[in-house]
Amino acid sequence: MNEPIKKVTSVASIKDIGTWIRASKQIPKFIAADRYEVIVPARYVRIFEVLSSPGWIVLDENELAKEFSIEYVRNKMPQGKEARAGWYFQQLLKIHALMNSDFDDDLVLIWDADTIPLKPLIFSHDERVLYFTGTEYHRPYFNAISRLLKLDKSVNFSFIAQCFPAYVGWVKEFTRHLEETHQKRWFDAILDCTDLGEISGFSEYETLGTFFVHRYIEKMAINHARWERFGEQIAPIGDILNLPISDDLPMYVSYESWSKRIEQPKVIFKHAKTEADFLDYFFNHTNEPRSIIQVGANDGEMCDPIFRYLASANNAGVSAILIEPVEFYFEKLKKLHSKRPNTLLI
């Protein structure tokens, strides 16, 4: 018997938005749950509310995690490593989100925002929680686990698999153990036991998985189904939702930003000497995928240097997000671009 999932939670930021638009459609389609929520920085809440598929609840990370913040984590970082604070902060957010449910026996799921399911997924069977597995091994993760839990790696696989199910009570037991052992708040214990000088010094999935194996192994099982970390090897992100379900298709794919191949641009924008030169290069001298975000779009026409480009049918493939806070101008903006494809008005 498969136990229902109480909620699915993702943690995202604006860098994930292209993948998230697609993931937010696929997750409810292939993962049955009572609730779907995505946690984002405050300044992106409205954008995620607009762009997420219906049924998603968008949460402000500052409202969810009141005891710690990204600034709190940044103040713990070594000098010169402050830019990695967000990476550590989002892992603490995931642990906090796993505990943020009504009952200890609720089965909850963390799902990475850059990952798209392609087939129906289950995360429990015969009263056991099912875990997908990975193959990576990163020594600093287990150094941190040793300091934090006094435990060594005890399985021949990795729990880093883009998703992580758990009972709420299991995660609460984990944080209680940290606070009793280290005599400090659980998130302080994690940060203080992690070498924050490492680019990647802590893994929430690897740490929780190691703890659970030592406490609840009889209630855990492995799902050996295939998934793919490098989604572009399966299909370009724009085509991924059109793939028919087949036996050789993985269960899900990830489009991690670090794994994307970086190509040299075919247009060298540094040759542009003026704004007009830049716009001419951007719109008229490349067929590469292009996007525009205009903050303060006004009515879309008055004193607007990109109006003539957006109005041209030759540039219909250029996607545009146009943001205008004044309602009077926004209404004019909507009328102006009501028939333009690939355009989002906010």
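1. Salt bridges overall. A search of the whole structure, which is a predicted model, finds 18 salt bridges.

2. Glu63 and Lys66. The side chains of these two residues, Glu63 and Lys66, meet in a salt bridge, with an N to O distance of 3.1 Å. Glu63 has a relative accessibility of 51% and therefore counts as exposed, the cut-off for that class being over 50%. Lys66 is likewise exposed, its relative accessible area being 63%.

3. Lys94 and Asp112. A salt bridge joins Asp112 to Lys94, and their closest N and O atoms are 3.1 Å apart. Lys94 belongs to helix α5 (residues 85-99), while Asp112 sits in the loop between β4 (107-111) and β5 (115-117), so the pair ties together parts that are 18 residues apart in sequence. Are these two residues, Asp112 and Lys94, buried or exposed? Both Asp112 and Lys94 are buried, a class that requires under 20% relative accessible area.

4. Glu173 and Arg215. Here the salt bridge is formed by Glu173 with Arg215, and the closest N and O atoms lie 2.9 Å apart. The pair links distant parts of the chain, since Glu173 is in helix α7 (residues 168-182) and Arg215 in helix α9 (residues 204-216), 42 residues apart. Glu173 is partly exposed, with a relative accessible area of 21%. Arg215 is also partly exposed, at 36%.

5. Strands β2 and β3. Strand β2 (residues 33-40) pairs with β3 in the parallel sense, over five bridges. Within this pairing, Val38 has Val58 of β3 as its bridge partner. Why is strand β3 (residues 56-60) described as largely enclosed by the rest of the structure? Four of the five residues of β3 are buried, and the strand is therefore largely enclosed.

6. The sheet β6-β7-β9. Three strands form an open sheet in the order β6-β7-β9, and the pairing is mixed. At its edges stand β6 and β9 (220-222), each with a single partner strand, so one side of each is left without a neighbour in the sheet. The pairing of β7 with β9 is parallel and runs over three bridges. Leu130 stands opposite Ala221, a residue of β9.

7. A patch of negative charge. On the surface, Glu3, Asp105, Asp126 and Glu127 gather in a patch of negative charge.

8. Ala225. This residue, Ala225, is located in the loop between β9 and β10 (252-254). Its relative accessible area is 27%, so Ala225 is partly exposed. How far apart are Ala225 and Ala276 in sequence and in space? The two residues are separated by 51 residues in sequence and by 53 Å in space, C-alpha to C-alpha.

Technical notes: Residues are numbered from 1 along each chain as its sequence is written. This is a predicted model: local features need pLDDT of at least 70, side-chain atom pairs count only at pLDDT 80 or more; totals for chains, interfaces and linings use all residues. Side-chain values use heavy atoms; hydrogens and water are left out. Patches are made of residues with over 30% relative accessible area and no salt bridge: like charges are joined within 9 Å, nonpolar side chains (Val, Leu, Ile, Met, Phe, Trp, Tyr) within 5 Å. Accessible areas come from the Shrake-Rupley method with a 1.4 Å probe; for residues, only the protein chains shown count as cover. A salt bridge is a side-chain nitrogen of Lys or Arg within 4 Å of a carboxyl oxygen of Asp or Glu. Lys and Arg count as positive and Asp and Glu as negative; His and the chain ends are not counted. The place of a charge is taken as NZ of Lys, CZ of Arg, CG of Asp or CD of Glu. Buried means under 20% relative accessible area, exposed over 50%, partly exposed in between (1.4 Å probe, protein chains only). Helices (H or I, at least four residues) and strands (E, at least two) are DSSP runs, numbered from the N terminus. Two strands pair if DSSP finds at least two bridges between them.
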